Structure formats: structure tokens, C-alpha cells
Amino acid sequence: MNKKTLTQIDYYRIRDEIAEYCVSQEGKKNILEREPFKDIEEIEKNKNLSREWEKYFSKNYSNPLFGWENIKNLLPIIKMNGSSLTLEQVNNLGHFILSVNNVKKAIENHKIELELTLLPEQIYQIPNLQDAEKKIFRVISTDGQMKELPEIVDIRKQIASLNSKIKTIMQGFTSNSKFHGVLESQVPVLRNGRQVLAVKASLQNRVPGIIHEVSQTAQTVFVEPQEAVLCSNELLQKEFELQAVIKKILTELTQSLQPSIPLFRDALPVMCLLDTTQAAQRWGNEHNCCYAQNAINEPPMLIKARHPLLGEKAVPIDIKFMSEKKVLIITGPNTGGKTVSLKTFALLSMLNQSGFPIPADEGTRLPVFSNVFADIGDDQSLDQSLSTFSGHMKNIAQAVKSATDKTLILLDELGSGTDPQEGTAIAMAVLDKLIEKKSFVLVTTHQGILKNYGYTNEYCINASVEFNQNTLSPNYHLLMGVPGESHALDIARKSGLPSEISKAAQDYILTEQADVSALIRGLNKKHIELNKIQKQNEKLLLENQEKFEKLKKKELELRRKENELKKGKQQELNDFLIHSRRQLENLVRTLKEGEITREKTLAVKQFINDLTKNTEHLEQKIEAEEEKLAKDEQDFAKQIASKNHHTSTKKTKRKMSNSEALKYASPLVTQIENSDFPKKSVAIKTNAVFEPGAYVIAGTNNSEGILIEETRKGVWQVQFGSVKMSVKQKDLKLSDNQERTLTPSVSIDINSKEVNGNIIVEKDIPRPVFELRLLGMRSEEALRSLERQIDLCLLNNFLHFSVIHGKGDGILQQVVQNYLSHSSVVASFEFAPAEDGGAGKTYVTLKG
């Protein structure tokens with residue numbers, strides 16, 4: 001990145017400010033050395049970690065990171081054989097471990113509550129430092145002091161004893177009245193690490209000992225009494241011995257930490273990352289920041305962005321690029337905020353690329369730039385013989401030369417500093433080149449031709465800073481889409497320029513220019529009106545979005561409830577089937593044991609009755625729920641119909657209820673009369689009861705049909721023209737006319753027969769049996785029964801049954817086996833298991 005531009009947009013000032021929020025010196029150093037990233041994954045990693053810190057601090061939890069001093073420089077010392085860490089350095093390592101333990105514990109405790117994912121991933125990367133922790137805190141306490149180890153306890157006791165003995169000796173002199181006239185002070189003092197007495201020089205012989213020092217006036221000598229000399233010598237020796245023991249302990253500790261060097265090396269970057277991301281979030285929280293979205297496939301957009309150095313004085317601005325429009329030309333009055341707008345966009349872009357939050361509102365989108373260049377201010381230099389214009393051209397030349405499609409370029413007062421005509425021409429040529437390179441460009445100017453350039457060029461957007469005509473001062477708001485006037489005369493008058501000069505200047509303005517100013521004012525007014533409408537639409541869109549989300553949530557809740565109800569019904573049915581199956585198995589077992597008695601037969605009938613009743617009970621419950629649901633649906637449909645007068649004509653596929661199907665079923669008589677079949681007399685039983693062949697009426701439109709069969713108790717299969725459906729008997733009514741001449745149906749029913757030219761519907765319908773008993777039959781009779789059973793099975797799609805032929809002489813067994821082996825409709829057959837009859841019973845499976 002261009003360091004000069006980063007300095008001009010105040011990036012380093014903000015970066016240094018964020019660094020102060022770090023708790024560790026190494027985290028602070030990490031931020032102070034940071035430049036904007038170019039890797040989007042690195043950017044998102046830092047921003048997402050800070051987002052999770054935002055969740056953590058939003059609960060007012062204290063910072064789990066403890067401060068620690070630099071430990072990276074300690075690792076080479078530990079690695080060197082024979083080296084020793086100081087007590088302070090050991091304490092630094094201990095503080096680092098305590099910080100690791102605390103942040104691990106805090107994040108682990110709150111990860112579920114706060115729905116944290118990235119912070120836990122980071123702490124799981126920190127290796128276990130428990131072994132190093134035990135070694136360090138065996139030697140020192142958590143406050144950094146050496147513990148009372150066995151190796152040094154005895155020496156410290158001896159030192160304490162010697163100090164006490166020296167104190168006693170000194171008190172022997174200071175408390176003795178005969179020395180009051182000899183001593184200058186009754187309090188011993190330290191000289192060269194030894195306790196001495198301040199003795200008058202003229203009476204020094206009264207206190208035998210060693211003189212360590214003489215006062216400047218030579219009136220006082222500092223004497224160590226003879227009795228204390230030996231004790232002080234021994235004390236000095238013990239203190240040296242204590243330091244040697246401490247040195248040895250620290251050396252051994254340093255050597256024992258060598259295996260932990262890789263662990264510290266792996267833990268340190270993770271801890272620094274946690275420290276820098278929490279610092280960024282805490283800074284962002286104090287400045288009401290958000291995290292920008294990635295403008296990958298969408299144009300950049302700043303929403304209510306604020307320059308962080310302006311504090312509460314900052315006026316929020318919106319900057320919205322459009323698709324394929326990468327050049328923003330900002331015009332307007334002096335001191336109106338044009339340059340601040342440039343710097344704000346560039347600064348916030350660089351902060352975003354550093355993984356920091358930015359002072360703007362949610363919804364802000366920013367791209368990732370590969371470099372940033374700026375021509376801001378006056379680069380005039382006497383030393384380098386650079387004029388104002390030359391300085392501008394040097395900066396612009398470097399920017400154009402280095403520009404790519406991922407470069408951000410800031411050009412303040414483009415085209416100024418020289419002849420306006422030539423400057424404008426250069427400005428347009430520069431913009432042409434940057435547009436060709438597809439760079440992002442932000443330009444400020446007062447040149448009217450550049451305003452027109454922004455309108456006519458499809459890759460440019462005009463913008464202006466608002467100006468208050470009443471106060472003759474700028475509002476600092478940025479208006480997108482329209483150019484602005486410079487208002488130089490208004491500002492000059494307010495700044496004190498004499499009125500006659502202002503009037504003369506006004507006279508010099510051409511009429512054409514005045515017309516352009518009026519046009520610009522009109523465009524500004526229209527823009528304000530459109531902006532108001534846009535905000536109203538955005539508010540309406542937001543309300544609709546909220547309604548949609550509520551409906552979506554309700555839909556999901558209903559689907560969840562429906563699924564739970566289905567699960568409940570399925571479980572209820574499963575329980576019913578399991579219970580019934582157990583009862584049936586018990587009955588079968590009872591029937592197999594011994595003879596079939598009346599009690600056993602009654603038990604079977606009772607089971608069947610109970611099973612039927614339970615089934616009917618379940619059906620009644622489902623029917624009641626269906627009726628209630630149908631009523632609710634009808635009420636809802638009426639409510640919708642009352643609100644919407646126009647109904648959709650789009651056809652949809654859905655399952656029709658019986659009442660709806662009856663509307664589309666042609667009456668049976670009409671269908672038959674309109675057919676091409678020859679009329680034929682059909683005699684139907686005339687007794688008006690519910691039985692196969694009886695005519696019934698159903699539905700609100702009194703559709704007429706014929707009863708085919710009773711599929712289960714209270715439910716009939718009814719033929720309505722070409723439609724067959726199951727209808728409950730309570731919903732049917734017998735027709736008054738049960739005899740009529742009809743054309744026979746296209747299909748032939750197996751349960752009818754023709755007598756004297758008339759078709760008679762039979763009530764008794766032959767059915768296949770589960771178990772065909774051939775015991776006691778002759779071969780021919782058994783063979784006919786087997787053939788009939790197979791025919792009935794094929795007609796009723798009954799594919800599995802068994803044949804009881806017994807063992808005996810094996811004649812019936814052989815007949816059955818021969819017939820089944822040569823039958824083309826038999827898929828397979830085999831003897832039953834021993835517990836179910838063995839060779840006396842054959843299981844048969846027919847082809848589907």
C-alpha cells in the first residue's frame with residue numbers, strides 16, 4: 001500500500017488509536033505494524049472474530065484476556081543451554097499462561113449461550129500449557145514472588161536471625177544512656193549495605209569498630225560496631241548464598257521449560273489474534289461502528305459514514321456507486337466537505353481491509369483494493385523546485401502509471417493550479433485513462449466542464465455537497481446524482497469581501513453560466529423530492545419484508561405442528577397395529593393348540609368385533625378432524641374472497657372431495673342413454689335396501705349412482721357414471737325408482753349373471769381363502785377346488801395362500817405338487833415350516 005496516501009487519509013492515526021485497546025504489548029505491536037490486507041479471507045477472519053467478541057461484550061462480560069509482557073523474546077533464552085530467566089521474566093510467562101487459561105474458560109462457558117463458533121475454534125488451537133504452568137507456579141506465586149521452597153527456607157531463616165542479632169547489637173548502643181552524648185542520632189543508618197552508627201568525630205574512640213564513611217563537615221563518622229562486624233560479614237555471605245540458590249532454581253526451571261517452547265510458539269499467535277480482534281471490537285463499540293459487507297458482485301456503498309477523527313461533529317454521508325460506474329465527481333462550495341468525503345471513503349475502505357469495524361451503518365459494502373493513491377493538498381517544494389501544479393502532476397502521474405481495476409485513486413481539486421481550460425482538458429484526459437483501466441476514482445472539482453463530463457460519460461456519477469441558502473453555509477451532506485454550485489460569491493460576501501467587489505464579480509458572470517446555475521438548483525430540488533420518495537419506498541419495503549418474515553415463520557410453525565400431528569397419528573396407528581397383532585397371534589396360537597371349541601370361536605369373533613370397533617373409532621376421529629379442517633378452510637376462503645374480488649383462473653391439481661367429484665360425474669341414466677349401446681332390459685332387485693345393485697342419490701346436486709359393494713361397514717363403493725368412489729352410507733339416499741331400462745356398462749362385473757336376457761346383480765360374491773383345506777376330498781374334487789382357488793386369487797389380486805392336503809398316503813400331496821409345478825401362473829411353492837404343518841401344508845405364491 002502507498003504509505004504516503006495512508007498517512008494523508010489518517011489511517012495510521014486511527015490504527016494507533018485502536019492499538020491502545022490491546023491488553024498485551026505483543027497484541028499492540030501487532031496492530032502497530034499492520035497494513036491493510038489484500039487477502040479477503042484474512043480480512044473476513046479478523047472481522048468475524050470481532051463480530052463474536054461483539055456478542056460477548058454485549059452481555060457486559062469482563063474482558064477475559066489478561067495483560068502480559070513480551071514473551072516472544074524469552075523463547076531464545078529458554079532454548080539456550082545453561083541460560084536462566086530472571087524472576088520477572090518467569091512472572092511474564094506465568095501471566096501469559098493465566099491469560100490463556102482464563103480466555104479458554106470464559107469462551108467455553110458462554111459459547112452455547114452466545115452461539116459462538118469462531119472463538120471456540122481459536123481456543124481449541126491453543127496447546128495445553130499445563131505442564132509449564134505447574135513448573136512455573138511451583139517456583140513463584142501468582143503475584144510474581146519467589147515461593148518459600150525447601151532449598152531457600154533455611155537460608156532465609158539464618159538471614160532473619162542475623163538481622164535480628166545485628167538489630168539487638170545496635171539497640172545496645174542507642175538505648176544505653178552512656179552513649180547519648182557520643183551518638184549524633186539514636187537511629188542506625190545504612191552505609192554500603194551495612195548498619196552503622198552516626199558518631200561524633202571527637203568521640204569516635206568511645207565506639208570501637210570500622211569507620212565506613214565521614215560526613216562532609218568531618219564532624220560525624222559512621223561506625224560499624226565491632227560486635228556487628230562479624231554478624232554483617234556472615235549476613236553478606238548468607239545473602240550471596242541465597243542468590244546463588246535462587247539462580248540455580250531459575251536455571252533449572254529455564255532448562256525444564258525447553259520442551260514447552262513449541263507450545264508457547266503456537267499459543268502466542270492465537271492469543272495475539274484474540275487480543276487484536278477484541279481491541280478492534282471495543283474501539284468499534286465506542287465509535288458506533290459496524291462491519292462492512294463484501295462488495296464482490298455489487299457496487300460499493302457507504303451508509304451514514306462518519307470520519308472517526310471528527311467525533312460528534314461528523315455529519316453522516318452516503319456514497320453509493322452504481323454498476324459499471326466507478327468514477328465519482330464531487331462538486332460544491334468551498335469548506336463544504338468534499339475533501340473530507342474523499343478521505344472518509346478511502347479511510348473506511350482501508351480500515352475495513354485491516355479487519356477493523358468502520359463508523360457507518362449496517363448495509364455498507366466495500367471492495368478490497370490492491371492499492372490506494374491520492375493527490376490531496378499542496379505538494380509545493382522549494383527544495384525540489386516543484387510548483388503547486390507540478391506537485392499535483394507528479395502525484396497524478398504515479399497514480400495513473402500504477403492504476404489497475406482494483407486501485408482506489410483520490411484526486412482533490414483535479415485540474416486546478418493552472419490555466420482552467422488546459423487544466424480541465426488534462427483532467428478529462430486523466431479520467432479517460434483511469435476509466436479505461438477500470439479504477440475506482442473519487443474526484444473533487446470546481447470546474448463546470450467536469451460537471452458536464454460527469455453527466456455525459458456513462459462511467460461517471462455526479463455528486464454535490466448541500467449548501468444552505470439562508471445561512472450561506474454548507475450543510476456537509478452529500479447528494480448523489482446531481483452536481484453542485486461553488487457558491488463562491490455567497491461565501492466571499494459572508495467572509496467580508498466588500499459589497500461593491502461582489503457586485504462587480506456578479507456582473508462578470510455570463511448569462512449562460514447563470515442559466516446553468518438555475519438548472520443545477522432545479523436538479524437539486526428534484527433530487528431532494530426523489531430522495532424523499534425513495535426513503536418512503538424503502539420504509540414500505542422494510543415493512544413488507546417484516547410481514548413476509550412473520551408469515552414465513554408462521555408457515556414453518558404450522559408445518560412443524562402438522563409434522564408433529566402426523567407423527568402422533570402414526571404412533572397411535574402403530575400402537576394399534578402392534579396391539580392387534582399380538583392379540584391375533586395369541587388367538588392363532590390358541591386355535592392351533594387342541595380342538596376348535598365354541599369358546600375359541602367366540603373369542604375369535606369377539607377379537608374381530610373389537611378390531612372393527614377400534615378401526616371405526618379411529619376413522620370417526622379422523623373424520624371429525626377432517627370436517628373441522630374443511631369448515632376452517634371454507635371460512636378462510638370466504639374471508640379471502642371478501643377481500644379479493646378478482647379470483648385467479650389458473651388451474652391447479654388437487655385431490656377433490658366426494659362432493660366436488662359428484663359435480664363432475666355425469667348422471668348414470670344420462671350417460672347410458674347417450675351411449676351407442678343397444679337398449680337392454682336390466683332387472684334390479686326392487687326391495688329398497690342398501691345392497692349391491694341398488695340405486696342411490698348423493699351430493700347436493702342429487703347425483704345418481706349404483707351401489708357396487710360394501711367395502712367396510714357403513715362405507716360403499718358407488719358407480720357415478722364413469723366415476724367410482726367410496727361414500728359413507730349416511731351420505732347416501734336410496735332412489736325411489738329402482739327399476740328401469742338401462743344399457744349395460746362397458747365393464748363386466750364378476751358378481752353378476754344373466755338370466756333370461758336380464759342381468760341380475762348377485763349379493764354373494766365368491767372370495768379366495770387364505771387357507772384352502774383339501775382334507776377328505778378325492779383327487780378330482782381337490783383339483784377342482786385348487787383350480788377355483790387360483791382363479792379367484794387372480795381375479796382379486798390375491799397372490800399368497802396355503803393348501804392343507806395332509807400327509808397320509810401322500811396322494812393329495814402329490815396331486816397338489818404336480819398341478820402347481822405345471823401351472824403357468826404359479827411363481828413358487830414350498831412346504832410349510834414344521835411348526836405350521838410341515839409336509840402336510842404347502843405355501844403358494846402366484847405371479848403378480
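**Close-up views of the predicted model**

**Figure 1. Overview of the protein.** Among the contacts in the protein with a separation of 6 or more, 67% join residues 24 or more positions apart. The model is predicted, and its fold comprises 23 helices and 27 strands. Of the 848 residues in the protein, 38% are buried.

Figure 2. The protein has a mean pLDDT of 79, and a value of 70 or more is reached by 78% of its residues. Residues 380-385 have pLDDT under 50 throughout, and the model gives this stretch five contacts beyond four places in sequence. A pLDDT below 50 is also found over residues 645-657, where the model has three contacts beyond near neighbours in sequence. Where pLDDT is low, predicted coordinates should not be read in detail.

Figure 3. Helix α12 spans residues 338-353 and contains T344. T344 counts as buried because its relative accessibility is 1%, under the 20% limit for that class. Leaving aside residues up to four places away in sequence, T344 touches A305, R306, H307 and I317. P308 lies 36 residues from T344 along the chain, and the C-alpha atoms of these two residues are separated by 8.6 Å.

Figure 4. Zero disulfides are found in a search of the whole structure. For C290, the closest cysteine sulfur is that of C289, at 7.4 Å, which is too far for a bond; a disulfide would require the two sulfur atoms to be within 2.5 Å. C290 counts as buried because its relative accessibility is 4%. C460 is likewise classed as buried, with a relative accessibility of 4%.

**Figure 5. The open sheet formed by β24, β25, β27 and β26.** The four strands are arranged in the order β24-β25-β27-β26, with mixed pairing. The edges are taken by β24 (771-773) and β26 (826-831); each has a single partner strand, so one side of each is left without a neighbour in the sheet. On average, and with direction ignored, neighbouring strands of this sheet are turned by 25° against each other.

**Figure 6. Strand pairing on either side of β27.** Strand β27 (residues 841-846) runs antiparallel to strand β25 (residues 800-804), and five bridges join the two. Within this pairing, V803 has T842 in β27 as its bridge partner. Strands β26 and β27 also pair in the antiparallel sense, over five bridges. Here S828 stands opposite T845 of β27. In a regular strand, side chains alternate between the two faces of the sheet.

How values were computed:
Residues are numbered from 1 along each chain as its sequence is written. This is a predicted model: local features need pLDDT of at least 70, side-chain atom pairs count only at pLDDT 80 or more; totals for chains, interfaces and linings use all residues. Side-chain values use heavy atoms; hydrogens and water are left out. Buried means under 20% relative accessible area, exposed over 50%, partly exposed in between (1.4 Å probe, protein chains only). Contact means heavy atoms within 4.5 Å. pLDDT is the predictor's confidence in each residue, from 0 to 100. Two strands pair if DSSP finds at least two bridges between them. Axes are lines fitted to C-alpha atoms, for helices over the stretch in contact, and angles run from 0 to 180 degrees between N-to-C directions.
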